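Let's take a walk through this structure together, one piece at a time.

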Amino acid sequence: METVIETTALTKRFGDRAAIDGVDLTVPAGVAFGFLGPNGAGKTTLIRTLLGLTRATSGEISLLGLPQPAKRAEALARVGAIVEEPKFHPHLTGRENLKIVAAARDRAAESRIPDALERVGLGQRANDRVKTYSLGMRQRLGIARCLIADPALLILDEPMNGLDPAGILEMRHLIRAFVAEGRTVFLSSHLLDEVERTCDHVAIVDRGRIIVQGGVEEIAARGDPTLLVEVDNAEAARRALASDSRVEKIEEEGSGLRLTLGDGLPIAEVNRTLVQAGVAVSRLEPARATLEETFLAITSRLEGNE
Amino acid sequence: MRLVRAEALKLVRRRGLMVWSFLLTVGAVLIAEIVLVTLHAVNPAKHGPAGGASNLEHFAFLLAGLGNVAAIIIGATAGTQDVSNGVFRDLVVTGRKRAALFNARVLGALLVFLPLLALGFAVAVGGSFLFAGNLPHPTAADIAKYIEYAVAICGVDIVLAVGLAAFASSRVVVGVLIAWNAIVSHLLIAIGSLGGSRKLIDVAAAEHFAPRHAVGSTIAMSTAAALLVLAGWTVVFLQAGRFWTNRMDA
């Protein structure tokens, strides 16, 4: 599969602290790729390094198959990016702000402005000053600014930040539409649920290192299996299961329990244990681990190893 | 050229900046002319005509002095607005060379400022002919000399402001350059023990082109030397600004 971003042993240090530490990242073309990690994990630093906004301490970067920074201008001509929150000249209109950036791009960029504004739903507000825009409108104008490059790759840093639910849904649809057009969208986020809903592939980063990367389904499947249990007496059920070392975790969930099962514990045996303890079982449902649970499991294991 | 036009657009859309720049250039000359015309109309025996060669000299001095402040404000704004508005990184990620972005700031600032200076000068020259009365008209040589002076002092300062703005906020740039032009440089020029080294001061070089009544305070130097000094200051500030724009994290 063709790759649009590839890094090898990429490291960025600020003094003694490594903000990104030996990162090997591979982003395939034509997907929505989530770069997932908690705040301070190094997501923005990696994006800034990819885009040449700050210099890497060591390592190699390839963007759209072009080595960086040697072929920087050539690669970035086909990249649209929002780094941190989208910023604009507040005294200029939305359209004028796009003209400013279009002037730094190829000659065709200016002709793409009207379509880009319509695409993000800002056609009617294009001649208003940006200082009158809401955060959601600024996010959309940031996307429009990316689109005037007709990008093969969009790099979006926390694009859902500050958006209301409708705005998040709209952004999700936009991202999926870009992927449907054959573009690649690389987005960073700390919102696990959003990444799971929006992205096909994901890399989980923590403290500057990539912990795992691959397809969202594939990574979520790495999480421990869980079981949702509805019983008449949750406390009795908890007592009955606590003695079984193969039940790794028991959490309350709604009126029932969520069990995290260790290797080799069949669901039928859980049922037997509960029944033998006099607990009436009304529901036993295996649950697929969410990306969030996998992420938390992975990071908590790491913390446990330290 | 598209980048330069974009820089100019950013500047001309700043209403406050443009109003002040207009007042400090065209407005200052207009007000001065209105005052002189009114005084002459009220008491022609005490106040001579508002035009003529001598008044053009005063207008040129006024235009250079106040226009210089406008030049610094425009240069400082051009030099800082991308970074202060957080847009610099969005320009960098287009792949355009940072040096090109910096150069566009300089040319964009000049593109906005020079027409104001030219208009102010046109008003001054027009008034000097229109209200000359019995006074001699300025010669073409006079006019050329005053244009040289205004361009030397304002043109150089706008470039210095853009260069310095790569390192500091616009307020700091404006404060430092006005303080340098109005106070510090003149103190240094007044220190006789500094001798010929005072020729290296940009203000001393610019004043080589000053109207006659200000010449007494200047350091004597050839036109070539004055041009060389001004070019040196311009090159140093441009290179420093370009260097830092290339080097800084965006």
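How many bridges join strand 11 of chain A to strand 13 of chain A? Four bridges do so, linking strand 11 (residues 226-231) to strand 13 (residues 256-261), and the two strands run antiparallel. Please remember as you look that this is a predicted model.

You can follow the pairing residue by residue. In this pair of strands, A:Val229 stands opposite A:Leu257 of strand 13, and A:Leu227 stands opposite A:Leu259 of strand 13. Strand 11 of chain A also pairs with strand 14 of chain A, again in the antiparallel sense, over six bridges. There you can find A:Thr226 facing A:Ala287 in strand 14 of chain A.

Let's move to another sheet of chain A. Here six strands form an open sheet in the order 6-7-8-3-9-10, and the pairing is mixed. At the edges stand strand 6 and strand 10 (209-215) of chain A, each with a single partner strand, so one side of each is left without a neighbour in the sheet. Neighbouring strands of this sheet are turned by 15 degrees against each other on average, ignoring direction. For an example of parallel pairing, look at strand 3 (residues 32-36) and strand 9 (residues 201-206) of chain A, which pair in that sense over four bridges. In this pair, A:Gly34 stands opposite A:Val202 of strand 9.

Helices pack on this sheet too. Helix 1 (residues 43-50) of chain A touches strand 3, strand 7 (153-157), strand 8 (184-189) and strand 9 of chain A, and its direction makes about 145 degrees with that of strand 7 of chain A. Helix 6 (residues 165-180) of chain A lies across strand 3, strand 7 and strand 8 of chain A, running at about 150 degrees to strand 8 of chain A.

Next, turn the view to where the chains meet. Here 24 residues of chain A are in contact with 22 residues of chain B. On the side of chain A, the elements giving two or more residues are helix 2 (72-76), strand 6 (79-82) and helix 3 (94-102). The largest share, four residues, comes from helix 3 of chain A. By class, this side of chain A has 15 nonpolar, three polar and six charged residues.

Follow helix 3 of chain A and you will meet helix 1 (residues 2-12) of chain B. These two helices pack at an angle of about 150 degrees, with their axes 8 Å apart, and are therefore roughly antiparallel to each other. Their crossing is left-handed. Helix 3 of chain A brings A:Glu96, A:Lys99 and A:Ile100 to the contact, while helix 1 of chain B brings B:Ala6, B:Leu9 and B:Lys10. These residues divide into three nonpolar, no polar and three charged.

We finish inside chain B, with another pair of helices. Helix 3 (residues 52-84) and helix 6 (residues 140-164) of chain B pack at an angle of about 15 degrees, with their axes 7 Å apart. These two helices of chain B are therefore roughly parallel to each other, and their crossing is right-handed. The contact of helix 3 with helix 6 of chain B has 19 nonpolar, four polar and two charged residues.

Technical notes
Residues numbered from 1 in each chain as written. Chains lettered and ligands numbered in written order. Predicted model: local features only at pLDDT ≥ 70, side-chain atom pairs only at ≥ 80, totals over all residues. Axes fitted to C-alpha atoms, helices over the stretch in contact; angles between N-to-C directions. Parallel < 35°, antiparallel > 145°, perpendicular 65-115°, else oblique. Left-handed = near helix turned anticlockwise from the far one by under 90°. Nonpolar A, V, L, I, M, F, W, Y, C, P; charged D, E, K, R; others polar. Contact = placed C-beta atoms within 7 Å. Pairing = 2+ DSSP bridges.
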